[in-house]
Amino acid sequence: MLTKRIIFGLILIGTIFYAPWWAVFILAILGAFHFPRYYEVFAFGILFDFLYGITGSIFFGFGIIGLIVSCLIFFGIERAKREIR
Amino acid sequence: MTLHHDKLQLRRKNIVLAVLVLVSAFVLLYGPVRGAISQTIHTGAPAVWRFGGAFGDTLNSFLGGFQSKRSLVLENNTLKEEVNRMQANMLDRNILKERVIRLEEAFGRMGEDNRVVADVLAGPGWSPYDTLIIDAGAENGIMVGDRVVYAGAGVIGEIAELYDTASKVKLYSSHGEEYEVFVGQQSIPSVAKGRGMGNFEVKVPHGSLVIVGDEVLMPNGNLILGIVGSVEEDRILPFIRVLFRTTFNIAEVRSVEVIVNKR
(Lines give C-alpha, C1' and ligand atoms only; values in the text may rest on other atoms or scores of the structure.)
Protein backbone atom coordinates (compact mmCIF):
# COMPACT_ATOMS: atom_id res chain seq x y z
CA MET A 1 0.00 0.00 0.00
CA LEU A 2 2.85 2.37 0.92
CA THR A 3 4.66 1.69 -2.39
CA LYS A 4 1.43 2.36 -4.28
CA ARG A 5 0.98 5.56 -2.31
CA ILE A 6 4.52 6.78 -3.11
CA ILE A 7 4.18 5.95 -6.81
CA PHE A 8 0.83 7.70 -6.97
CA GLY A 9 2.39 10.72 -5.23
CA LEU A 10 5.18 10.88 -7.81
CA ILE A 11 2.63 10.68 -10.63
CA LEU A 12 0.67 13.51 -9.03
CA ILE A 13 3.83 15.66 -8.77
CA GLY A 14 4.52 14.97 -12.46
CA THR A 15 0.96 16.01 -13.24
CA ILE A 16 1.41 19.30 -11.35
CA PHE A 17 4.41 20.11 -13.54
CA TYR A 18 3.29 18.79 -16.90
CA ALA A 19 -0.50 18.64 -17.03
CA PRO A 20 -3.40 21.08 -16.81
CA TRP A 21 -4.86 21.90 -13.37
CA TRP A 22 -8.02 19.86 -13.93
CA ALA A 23 -5.94 16.68 -14.36
CA VAL A 24 -4.26 17.41 -11.00
CA PHE A 25 -7.69 18.00 -9.48
CA ILE A 26 -9.10 14.68 -10.74
CA LEU A 27 -6.02 12.70 -9.64
CA ALA A 28 -6.08 14.34 -6.19
CA ILE A 29 -9.73 13.31 -5.75
CA LEU A 30 -8.91 9.75 -6.87
CA GLY A 31 -5.98 9.62 -4.43
CA ALA A 32 -8.05 10.95 -1.52
CA PHE A 33 -10.74 8.39 -2.30
CA HIS A 34 -8.44 5.41 -2.78
CA PHE A 35 -5.93 5.91 0.06
CA PRO A 36 -6.88 6.20 3.74
CA ARG A 37 -6.48 9.79 5.03
CA TYR A 38 -4.53 11.09 2.06
CA TYR A 39 -2.55 13.87 3.80
CA GLU A 40 -0.24 14.28 0.82
CA VAL A 41 -2.97 16.24 -0.94
CA PHE A 42 -2.11 19.26 1.26
CA ALA A 43 1.55 19.13 0.23
CA PHE A 44 0.51 19.00 -3.43
CA GLY A 45 -1.87 21.92 -2.96
CA ILE A 46 0.87 24.00 -1.36
CA LEU A 47 3.38 23.03 -4.07
CA PHE A 48 0.81 24.09 -6.68
CA ASP A 49 0.46 27.52 -5.02
CA PHE A 50 4.23 28.01 -4.80
CA LEU A 51 4.72 27.01 -8.44
CA TYR A 52 1.91 28.91 -10.14
CA GLY A 53 0.27 31.15 -7.58
CA ILE A 54 0.62 34.88 -7.28
CA THR A 55 -0.78 37.15 -4.64
CA GLY A 56 -3.20 39.83 -5.76
CA SER A 57 -4.91 37.48 -8.18
CA ILE A 58 -8.21 35.60 -8.31
CA PHE A 59 -10.11 34.39 -5.20
CA PHE A 60 -9.59 37.62 -3.24
CA GLY A 61 -5.93 37.74 -4.23
CA PHE A 62 -4.49 35.53 -1.48
CA GLY A 63 -2.84 33.08 -3.88
CA ILE A 64 -3.85 30.00 -1.89
CA ILE A 65 -6.23 28.26 -4.28
CA GLY A 66 -4.22 25.02 -4.06
CA LEU A 67 -4.43 24.92 -0.26
CA ILE A 68 -8.16 25.73 -0.21
CA VAL A 69 -8.97 23.12 -2.86
CA SER A 70 -6.82 20.48 -1.13
CA CYS A 71 -8.72 21.13 2.16
CA LEU A 72 -12.03 20.77 0.32
CA ILE A 73 -10.88 17.54 -1.34
CA PHE A 74 -9.48 16.02 1.87
CA PHE A 75 -12.39 16.81 4.18
CA GLY A 76 -15.03 16.33 1.46
CA ILE A 77 -13.77 12.89 0.43
CA GLU A 78 -13.18 11.77 4.04
CA ARG A 79 -16.78 12.68 4.84
CA ALA A 80 -18.05 10.98 1.69
CA LYS A 81 -16.12 7.81 2.63
CA ARG A 82 -17.69 7.83 6.12
CA GLU A 83 -21.16 8.25 4.62
CA ILE A 84 -20.64 5.39 2.16
CA ARG A 85 -19.43 2.93 4.83
CA MET B 1 -12.28 0.86 25.30
CA THR B 2 -10.63 0.35 21.89
CA LEU B 3 -13.35 2.45 20.21
CA HIS B 4 -12.77 5.26 22.69
CA HIS B 5 -9.00 5.03 22.10
CA ASP B 6 -9.51 5.15 18.31
CA LYS B 7 -11.73 8.21 18.60
CA LEU B 8 -9.17 9.94 20.80
CA GLN B 9 -6.40 9.15 18.31
CA LEU B 10 -8.50 10.44 15.42
CA ARG B 11 -9.23 13.66 17.30
CA ARG B 12 -5.51 14.13 17.94
CA LYS B 13 -4.75 13.56 14.27
CA ASN B 14 -7.38 16.12 13.29
CA ILE B 15 -5.91 18.71 15.67
CA VAL B 16 -2.41 18.14 14.25
CA LEU B 17 -3.88 18.42 10.75
CA ALA B 18 -5.68 21.67 11.58
CA VAL B 19 -2.44 23.12 12.98
CA LEU B 20 -0.54 22.07 9.85
CA VAL B 21 -3.16 23.66 7.59
CA LEU B 22 -3.01 26.89 9.59
CA VAL B 23 0.80 26.93 9.45
CA SER B 24 0.66 26.31 5.69
CA ALA B 25 -1.83 29.15 5.24
CA PHE B 26 0.44 31.46 7.25
CA VAL B 27 3.48 30.46 5.15
CA LEU B 28 1.55 31.13 1.95
CA LEU B 29 0.06 34.41 3.15
CA TYR B 30 3.15 35.90 4.78
CA GLY B 31 5.06 37.52 1.93
CA PRO B 32 8.71 37.13 3.04
CA VAL B 33 8.35 33.43 3.90
CA ARG B 34 6.38 32.72 0.73
CA GLY B 35 8.99 34.58 -1.31
CA ALA B 36 11.90 32.64 0.21
CA ILE B 37 10.27 29.23 -0.33
CA SER B 38 9.12 30.19 -3.85
CA GLN B 39 12.68 31.26 -4.65
CA THR B 40 14.00 27.86 -3.53
CA ILE B 41 11.36 25.91 -5.46
CA HIS B 42 11.85 27.98 -8.60
CA THR B 43 15.59 27.37 -8.51
CA GLY B 44 15.01 23.74 -9.40
CA ALA B 45 11.60 23.86 -11.09
CA PRO B 46 12.77 25.31 -14.47
CA ALA B 47 15.07 22.29 -14.90
CA VAL B 48 12.08 19.97 -14.32
CA TRP B 49 9.99 21.81 -16.92
CA ARG B 50 12.88 21.85 -19.41
CA PHE B 51 13.43 18.12 -18.89
CA GLY B 52 9.73 17.52 -19.53
CA GLY B 53 9.83 19.66 -22.66
CA ALA B 54 12.93 17.92 -24.00
CA PHE B 55 11.48 14.50 -23.18
CA GLY B 56 8.21 15.41 -24.91
CA ASP B 57 10.05 16.64 -28.01
CA THR B 58 12.19 13.50 -28.18
CA LEU B 59 9.16 11.28 -27.73
CA ASN B 60 7.23 13.18 -30.37
CA SER B 61 10.03 12.97 -32.93
CA PHE B 62 10.45 9.24 -32.19
CA LEU B 63 6.76 8.52 -32.49
CA GLY B 64 6.51 10.85 -35.49
CA GLY B 65 8.42 8.29 -37.53
CA PHE B 66 5.71 5.73 -36.85
CA GLN B 67 2.71 7.97 -36.71
CA SER B 68 2.64 10.30 -39.67
CA LYS B 69 -0.80 11.56 -38.68
CA ARG B 70 0.44 12.64 -35.26
CA SER B 71 3.47 14.39 -36.72
CA LEU B 72 1.21 16.22 -39.14
CA VAL B 73 -0.97 17.39 -36.26
CA LEU B 74 2.12 18.64 -34.40
CA GLU B 75 3.41 20.39 -37.49
CA ASN B 76 -0.01 21.93 -37.95
CA ASN B 77 0.06 23.23 -34.37
CA THR B 78 3.52 24.74 -34.91
CA LEU B 79 2.34 26.41 -38.10
CA LYS B 80 -0.77 27.73 -36.36
CA GLU B 81 1.39 29.31 -33.69
CA GLU B 82 3.57 30.84 -36.38
CA VAL B 83 0.47 32.25 -38.13
CA ASN B 84 -0.72 33.70 -34.80
CA ARG B 85 2.64 35.32 -34.28
CA MET B 86 2.67 36.78 -37.80
CA GLN B 87 -0.90 38.06 -37.50
CA ALA B 88 -0.02 39.82 -34.27
CA ASN B 89 3.05 41.27 -35.95
CA MET B 90 1.15 42.46 -39.00
CA LEU B 91 -1.62 44.11 -37.03
CA ASP B 92 0.48 46.43 -35.02
CA ARG B 93 3.88 46.75 -36.61
CA ASN B 94 3.09 49.02 -39.51
CA ILE B 95 0.80 51.44 -37.70
CA LEU B 96 2.65 51.55 -34.44
CA LYS B 97 6.12 51.80 -35.88
CA GLU B 98 5.16 54.84 -37.92
CA ARG B 99 3.40 56.40 -34.94
CA VAL B 100 6.28 55.78 -32.55
CA ILE B 101 8.90 57.07 -34.98
CA ARG B 102 6.84 60.23 -35.61
CA LEU B 103 6.42 60.84 -31.89
CA GLU B 104 10.04 60.16 -31.07
CA GLU B 105 11.18 62.46 -33.85
CA ALA B 106 8.79 65.14 -32.59
CA PHE B 107 10.23 64.87 -29.10
CA GLY B 108 13.78 64.69 -30.44
CA ARG B 109 14.63 61.30 -28.94
CA MET B 110 14.89 58.06 -30.81
CA GLY B 111 14.00 55.37 -28.30
CA GLU B 112 14.99 51.75 -28.23
CA ASP B 113 13.76 49.43 -25.53
CA ASN B 114 15.86 46.68 -24.14
CA ARG B 115 14.16 43.30 -24.57
CA VAL B 116 14.91 39.88 -23.15
CA VAL B 117 13.59 36.86 -25.03
CA ALA B 118 12.30 34.09 -22.78
CA ASP B 119 10.76 30.66 -23.30
CA VAL B 120 7.46 29.85 -21.63
CA LEU B 121 7.97 26.95 -19.20
CA ALA B 122 4.35 26.63 -18.09
CA GLY B 123 1.35 28.34 -19.60
CA PRO B 124 -1.95 29.63 -18.24
CA GLY B 125 -3.74 26.35 -19.00
CA TRP B 126 -1.62 24.67 -16.32
CA SER B 127 -3.24 26.56 -13.44
CA PRO B 128 -6.34 28.64 -12.75
CA TYR B 129 -4.08 31.56 -11.78
CA ASP B 130 -3.70 32.82 -15.38
CA THR B 131 0.06 33.07 -15.05
CA LEU B 132 3.00 32.23 -17.28
CA ILE B 133 6.28 30.88 -15.95
CA ILE B 134 9.18 32.03 -18.11
CA ASP B 135 12.85 31.02 -18.09
CA ALA B 136 14.32 34.48 -17.59
CA GLY B 137 14.79 36.11 -14.22
CA ALA B 138 16.84 38.52 -12.15
CA GLU B 139 20.07 37.25 -13.74
CA ASN B 140 18.79 38.59 -17.07
CA GLY B 141 18.17 42.07 -15.66
CA ILE B 142 14.42 41.66 -15.35
CA MET B 143 12.54 43.43 -12.56
CA VAL B 144 9.08 43.07 -11.05
CA GLY B 145 6.62 45.18 -13.04
CA ASP B 146 8.41 44.84 -16.40
CA ARG B 147 6.00 44.38 -19.28
CA VAL B 148 5.85 41.14 -21.24
CA VAL B 149 5.02 41.16 -24.94
CA TYR B 150 4.42 38.53 -27.56
CA ALA B 151 5.48 38.78 -31.19
CA GLY B 152 7.05 42.18 -30.79
CA ALA B 153 4.19 44.33 -29.56
CA GLY B 154 1.14 42.38 -28.37
CA VAL B 155 1.37 43.05 -24.65
CA ILE B 156 0.16 40.17 -22.48
CA GLY B 157 1.15 40.91 -18.88
CA GLU B 158 3.82 41.96 -16.45
CA ILE B 159 6.36 40.32 -14.17
CA ALA B 160 4.67 39.56 -10.85
CA GLU B 161 7.28 37.44 -9.08
CA LEU B 162 10.97 37.27 -9.80
CA TYR B 163 13.51 34.51 -9.18
CA ASP B 164 17.13 34.12 -10.25
CA THR B 165 16.50 32.16 -13.46
CA ALA B 166 12.73 32.27 -13.80
CA SER B 167 9.79 34.63 -13.32
CA LYS B 168 6.04 34.53 -12.99
CA VAL B 169 4.08 36.67 -15.39
CA LYS B 170 0.64 37.89 -14.35
CA LEU B 171 -1.49 38.12 -17.45
CA TYR B 172 -3.46 41.32 -17.94
CA SER B 173 -6.44 39.10 -18.71
CA SER B 174 -6.42 37.58 -15.19
CA HIS B 175 -9.85 37.65 -13.57
CA GLY B 176 -10.57 40.90 -11.80
CA GLU B 177 -7.50 42.76 -13.13
CA GLU B 178 -8.27 46.30 -14.32
CA TYR B 179 -6.17 48.45 -16.64
CA GLU B 180 -6.54 51.76 -18.43
CA VAL B 181 -6.83 51.34 -22.18
CA PHE B 182 -7.60 53.26 -25.34
CA VAL B 183 -10.35 51.71 -27.44
CA GLY B 184 -10.82 52.01 -31.20
CA GLN B 185 -9.82 54.58 -33.77
CA GLN B 186 -11.06 57.43 -31.56
CA SER B 187 -8.77 56.21 -28.74
CA ILE B 188 -11.61 56.28 -26.21
CA PRO B 189 -10.09 56.10 -22.73
CA SER B 190 -11.63 53.38 -20.59
CA VAL B 191 -10.88 50.65 -18.07
CA ALA B 192 -10.53 47.04 -19.28
CA LYS B 193 -11.40 44.16 -16.96
CA GLY B 194 -9.70 40.79 -17.32
CA ARG B 195 -11.93 37.77 -17.92
CA GLY B 196 -9.25 35.07 -18.11
CA MET B 197 -7.29 33.34 -20.89
CA GLY B 198 -6.73 36.46 -23.00
CA ASN B 199 -10.30 37.79 -22.81
CA PHE B 200 -11.29 41.27 -21.64
CA GLU B 201 -14.35 43.43 -21.16
CA VAL B 202 -14.55 47.19 -21.41
CA LYS B 203 -17.43 49.66 -21.13
CA VAL B 204 -17.42 52.79 -23.27
CA PRO B 205 -19.96 55.64 -23.23
CA HIS B 206 -23.09 55.30 -25.34
CA GLY B 207 -22.57 56.77 -28.81
CA SER B 208 -18.87 55.88 -28.98
CA LEU B 209 -17.72 54.60 -32.34
CA VAL B 210 -16.32 51.13 -31.74
CA ILE B 211 -16.52 48.35 -34.30
CA VAL B 212 -15.40 44.72 -34.42
CA GLY B 213 -11.73 44.56 -35.37
CA ASP B 214 -10.77 47.83 -33.66
CA GLU B 215 -7.53 47.83 -31.71
CA VAL B 216 -7.32 48.27 -27.94
CA LEU B 217 -4.05 49.86 -26.85
CA MET B 218 -2.31 50.22 -23.52
CA PRO B 219 -1.17 53.75 -22.65
CA ASN B 220 2.58 54.38 -22.36
CA GLY B 221 4.18 52.49 -25.18
CA ASN B 222 1.39 52.01 -27.73
CA LEU B 223 1.30 48.30 -27.12
CA ILE B 224 -1.69 46.37 -28.45
CA LEU B 225 -3.68 44.59 -25.77
CA GLY B 226 -6.27 43.08 -28.08
CA ILE B 227 -8.74 43.32 -30.91
CA VAL B 228 -12.45 44.00 -30.45
CA GLY B 229 -14.41 40.80 -31.02
CA SER B 230 -17.92 41.84 -30.02
CA VAL B 231 -19.83 45.05 -29.35
CA GLU B 232 -23.02 44.76 -27.28
CA GLU B 233 -25.24 47.81 -27.31
CA ASP B 234 -28.41 48.14 -25.27
CA ARG B 235 -30.41 51.37 -25.64
CA ILE B 236 -31.53 51.23 -22.01
CA LEU B 237 -27.95 51.23 -20.70
CA PRO B 238 -25.75 54.35 -20.73
CA PHE B 239 -22.74 52.41 -21.99
CA ILE B 240 -21.66 49.97 -24.68
CA ARG B 241 -20.16 46.65 -23.57
CA VAL B 242 -17.14 45.79 -25.67
CA LEU B 243 -15.55 42.34 -25.51
CA PHE B 244 -12.06 41.96 -26.87
CA ARG B 245 -9.30 39.39 -26.81
CA THR B 246 -5.62 39.07 -27.57
CA THR B 247 -4.77 38.65 -31.26
CA PHE B 248 -3.32 35.20 -30.58
CA ASN B 249 -4.21 32.17 -28.51
CA ILE B 250 -2.48 32.65 -25.15
CA ALA B 251 -2.34 28.88 -24.55
CA GLU B 252 -0.17 28.48 -27.66
CA VAL B 253 2.44 31.08 -26.71
CA ARG B 254 5.85 29.39 -26.48
CA SER B 255 8.17 32.38 -26.19
CA VAL B 256 7.79 36.00 -25.10
CA GLU B 257 9.83 39.16 -24.80
CA VAL B 258 10.28 41.10 -21.57
CA ILE B 259 10.70 44.86 -21.96
CA VAL B 260 13.37 45.69 -19.44
CA ASN B 261 12.82 49.14 -18.01
CA LYS B 262 15.81 51.43 -18.13
CA ARG B 263 16.69 52.40 -14.59
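This is a predicted model: local features need pLDDT of at least 70, side-chain atom pairs count only at pLDDT 80 or more; totals for chains, interfaces and linings use all residues.
A:Trp22 is placed in helix 2 of chain A, which spans residues 21–34, and its relative accessibility of 49% is why it counts as partly exposed.

A:Arg37 lies in the loop of chain A that runs between helix 2 and helix 3 (40–52). Although A:Arg37 is buried, it has no salt bridge, and the nearest side chain of opposite charge, that of A:Glu78, is 4.1 Å away; a salt bridge would require a side-chain nitrogen of Lys or Arg within 4 Å of a carboxyl oxygen of Asp or Glu. The side chain of A:Arg37 is, however, joined to that of B:Asn14 by a polar contact of 2.6 Å. Neighbours within four places in sequence aside, A:Arg37 is in contact with residues of chain A, including A:Arg5, A:Phe74 and A:Lys81, and with B:Leu10, B:Lys13, B:Asn14 and B:Leu17 of chain B.

In chain B, B:Met197 lies in the loop between strand 7 (188–196) and strand 8 (199–205). Leaving out neighbours within four places in sequence, the residues in contact with B:Met197 are B:Pro124, B:Asp130, B:Ser173, B:Arg245 and B:Ala251. B:Tyr172 stands 25 residues from B:Met197 in sequence, with a C-alpha to C-alpha separation of 9.3 Å.

The accessibilities of two of these residues are set out below.

| Residue | Relative accessibility and class |
|---|---|
| A:Trp22 | 49%, partly exposed |
| B:Met197 | 33%, partly exposed |

Definitions and conventions
Residues are numbered from 1 along each chain as its sequence is written. Chains are lettered from A and ligands numbered from 1 in the order in which they are written. Side-chain values use heavy atoms; hydrogens and water are left out. Helices (H or I, at least four residues) and strands (E, at least two) are DSSP runs, numbered from the N terminus. Buried means under 20% relative accessible area, exposed over 50%, partly exposed in between (1.4 Å probe, protein chains only). Lys and Arg count as positive and Asp and Glu as negative; His and the chain ends are not counted. A polar contact is a pair of N or O atoms within 3.5 Å; within protein, one must be able to donate a hydrogen and the other to accept it, and residues adjacent in sequence count only if both atoms are side-chain atoms. Contact means heavy atoms within 4.5 Å.
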